[in-house]
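Q: Could you walk me through this structure, a few residues and strands at a time?

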Amino acid sequence: MKMLTSVMEQVIKRNPNEPEFHQAVKEVLESLEVVAQKNPQWVKEGIFDRIVEPERQIIFRVPWVDDNGDVQVNRGFRVQFNSSIGPYKGGLRFHPSVNVGIIKFLGFEQIFKNSLTGLPLGGGKGGSDFDPKGKSDGEIMRFCQSFMSELYRHIGESTDVPAGDIGVGGREIGYMYGMYRKIRNEFTGILTGKGLTWGGSLVRTEATGYGVCYFMDEAMKSIKGKSFDGATVVVSGSGNVAIYATEKVHQLGGKVVALSDSSGYIHDAEGIKLDTVKKIKEIERKRISEYVKYHPNATYTEGCNGIWSIKCDVALPCATQNELNGEAAKMLVDNGCYGVGEGANMPSTPEAVEIFIKNGVVFGPGKAANAGGVATSGLEMCQNSMRYSWSFEEVDAKLKDIMVNIYKSASEAAKEYGQENNLVIGANVAGFLKVATAMSAQGV
Ligand code: NDP
């Protein structure tokens, strides 16, 4: 008899209208059924009932004044999910689709991801339904200041240390950090992803994208004897994660031929020219469609799903949740794709994951494959505590080590529970064991 069915039923009952949260919890609980069978004392101690319920959920009003002098009101969130192995840690997302269910799914995933890094980091996530697209720098600044004027009372270097996510990069972190410093009159590491002259870490910007490639390179070598060298790769998105995943694929000898944004995708069979993408996205903050103006041999196609019809050896979905469905997974498999690494959080639907696993594709789930960002944030916190900075090479070497170790932990856990090479189960189990042990030791 299944031991965790009632936990899932309770999650659905208690959190109606939160499909992404249900999806994330369901996947983890299904993986953990074998762990529950082996450790019935954890069921008795309510570890599973407790881990699906956030320790704290904060929802707040974010009023700000736009360039026309009109007052705008957004909603801010911080979900502090689990602090049994360290202070809450997880990004802030600014996107119109943000609601409490999305933040909860991300915060829940973060518990296991942070545990997998081997660093003392708890799980949390936050954000707002604010849309940064098309806003002036002044509007972004006023919004970030207002957001922090409430968030500051809930965070701290030993309590909760947010970072960036979709719509939150170096600029937004800067405005929020400045506001925190004014209110609190202290210079401490309460956010990660900071600028290099004020407490930031080298490699943080590149970390998630680089980390996905380090993870997948190790996984593909170990499972299939393949690597990025000579591989054709499709990457979705064209934000922070996608750009630096592309950079690392190229450094490892592969060729990225496609990138996208929420409007459409570009295909450059000769290989994406990353300098052009960085200019368009990081400096000019324009749409990816601009790329074809600089490289007329490339094509631009409206709509996102078509990107998965491009023939490739490896696919790296790096945009957003549920962007790769069963139909897309089938196209990838039919075209000979042998590796899929999730740079984004939960980009593959459950149907897509099933197709990858059934067909022996090396599948790196987000909570393992994209943990390089939070791991490097952990290294930033470490440098802040020491008031010291490591070199690029030092941080990059630590990041690579962490990603290889995450692969090994997930792979060993999968094997131990009779699911060799299933990194979904492996990552969920390995991430869970450490947190459950801590929760059990610390009492109810
Ligand atoms: P960015 O805001 O830098 O980039 C997001 C990219 O995804 C943009 O190209 C954006 O296009 C696209 N995108 C956003 N929403 C949608 C949508 N609904 N449909 C299609 N495309 C969309 O974010 P990041 O690169 O930081 O984050 C990307 C993913 O990686 C997210 O899932 C995030 O949670 C995850 N992640 C990020 C980490 C980090 O360190 N930054 C760490 C771990 C995971 P457009 O401009 O059109 O919106």
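Predicted model: local features only at pLDDT ≥ 70, side-chain atom pairs only at ≥ 80, totals over all residues.

Q: Where is Lys367 found?
A: Lys367 lies in helix H14, residues 366-369. Helices (H or I, at least four residues) and strands (E, at least two) are DSSP runs, numbered from the N terminus.

Q: Is Lys367 buried or exposed?
A: Lys367 counts as buried because its relative accessibility is 2%. Buried means under 20% relative accessible area, exposed over 50%, and partly exposed in between, with a 1.4 Å probe and protein chains only.

Q: Which side chain makes a polar contact with Lys367?
A: The side chain of Glu27 does, at 3.2 Å, and the side chains of Lys367 and Glu109 are joined by a polar contact of 3.3 Å. A polar contact is a pair of N or O atoms within 3.5 Å; within protein, one must be able to donate a hydrogen and the other to accept it, and residues adjacent in sequence count only if both atoms are side-chain atoms.

Q: What else does Lys367 touch?
A: Leaving aside residues up to four places away in sequence, the residues that Lys367 touches include Val28, Phe112, Leu116 and Asn428. Contact here means heavy atoms within 4.5 Å.

Q: Switching to Met148, where is that one?
A: Met148 belongs to helix H6, residues 137-151. Met148 is buried because its relative accessible area is 0%.

Q: How far apart are Met148 and Met179?
A: They are 31 residues apart in sequence and 6.4 Å apart in space, C-alpha to C-alpha. Met148 also touches Ile155, Met176, Tyr180, Ile183 and Leu191, among others, not counting residues up to four places away in sequence.

Q: Now the strands: which way do the residues of E5 point?
A: In strand E5 (residues 160-163), Asp160 and Pro162 point one way and Val161 and Ala163 the other way, and all are buried. In a regular strand the side chains alternate between the two faces of the sheet.

Q: In what sense do E3 and E5 pair?
A: Strand E3 (residues 88-94) and E5 pair in the parallel sense over four bridges, with Pro162 in E5 as the bridge partner of Gly90. Two strands pair if DSSP finds at least two bridges between them.

Q: And how many residues of E6 are buried?
A: Four of the five residues in strand E6 (residues 232-236) are buried. E6 pairs with strand E7 (residues 255-260) in the parallel sense over three bridges, and Val233 stands opposite Val256 in E7.

Q: Turning to the surface, is Val71 buried or exposed?
A: Val71 counts as exposed because its relative accessibility is 60%. Val71 is in strand E2, residues 71-82.

Q: Last topic: what is the phi of Asn322?
A: Asn322 has a positive phi of about 55 degrees, although it is not a glycine. Most residues other than glycine have a negative phi. Asn322 sits in the loop between strand E10 (314-317) and helix H12 (326-334).

Q: Where is Asn421 placed?
A: Asn421 is in the loop between helix H16 (392-416) and helix H17 (423-441). Asn421 has a positive phi of about 70 degrees, and Asn421 counts as partly exposed because its relative accessibility is 39%.

Notes:
Residues numbered from 1 in each chain as written. Heavy atoms only, no water.
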